[in-house]
Amino acid sequence: MSGTGKKVADVAFKASKDIDWEGMAKLLVSDAARKEFANLRRTFDDVNSTLQTKFSQEPEPIDWEYYRKGIGSRLVDMYKEAYESIEIPKFVDTVTPQYKPKFDALLVELKEAEEKSLKESERLEKEIAEVQELKQKISTMTADEYFEKHPELKKKFDDEIRNDNWGY
């Protein structure tokens, strides 16, 4: 095969070594996701294997002399000339330049969403810790201790009492 096919196979092989399959597998939560991930990995390995075997090998050169002896030099020379005149077009990637900016924008958006998610996780962890603490202390806590932690509720209740608004 041409040098281009070999380059494609080499790039695919190198890409497969850079993929952290185990790291990605640890992030999966559901069984359906694990099943789809296994299918993706198996398909990737199949395609990569095909690229390695099919495109990494150079074709065997044609023994023109062998055919000249059996068929005749004039006909073989005509085929040889036609064979050597064939130009295999080189692959020109027109898709990647179109989608690279979109992909980069998605990566930026992903990073922002990840940061936002981490901040939200921290906030929720703190809230969970506060609720756990409150749950443990609720049976022995006084109203003053509760209002000390939640002054906005104390202000709300004081306002209702001052305005003679008893909620009915």
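Visitor: Is isoleucine 62 buried or exposed, or does it count as something in between?

Guide: Isoleucine 62 counts as partly exposed, at 34% relative accessibility. Buried means under 20% relative accessible area, exposed over 50%, and partly exposed in between, with a 1.4 Å probe and protein chains only. Please note that this is a predicted model, in which local features need pLDDT of at least 70, side-chain atom pairs count only at pLDDT 80 or more, and totals for chains, interfaces and linings use all residues. Residues are numbered from 1 along each chain as its sequence is written, and side-chain values use heavy atoms, with hydrogens and water left out.

Visitor: Where is isoleucine 62 found?

Guide: Isoleucine 62 sits in the loop between helix 3 and helix 4. Helices are DSSP runs of H or I with at least four residues, numbered from the N terminus.

Visitor: Which residues form the nonpolar patch on the surface?

Guide: The patch consists of Ile62, Tyr66, Tyr67, Ile71, Leu75, Met78, Tyr79, Tyr83, Ile86 and Ile88, and together they have about 1,100 Å² of accessible area. A patch takes residues with over 30% relative accessible area and no salt bridge; nonpolar side chains (Val, Leu, Ile, Met, Phe, Trp, Tyr) are joined within 5 Å, like charges within 9 Å. Accessible areas come from the Shrake-Rupley method with a 1.4 Å probe, and for residues only the protein chains shown count as cover.

Visitor: Which helix gives the most to it?

Guide: Helix 5 does, with 4 residues. Helix 4 (64-71) and helix 5 (73-85) each supply at least two.

Visitor: Now the charges. How many salt bridges does the structure hold?

Guide: It holds 13 salt bridges, each a side-chain nitrogen of Lys or Arg within 4 Å of a carboxyl oxygen of Asp or Glu. In one of them, the side chains of arginine 41 and glutamate 22 meet at 3.5 Å, N to O.

Visitor: What does that pair tie together?

Guide: Arginine 41 belongs to helix 3 (residues 31-55) and glutamate 22 to helix 2 (residues 21-27), so the pair ties together parts 19 residues apart in sequence. Arginine 41 is partly exposed at 30% relative accessibility, and glutamate 22 is partly exposed at 47%.

Visitor: And which residue forms a salt bridge with aspartate 104?

Guide: Lysine 100 does, with the closest N and O atoms 3.4 Å apart.
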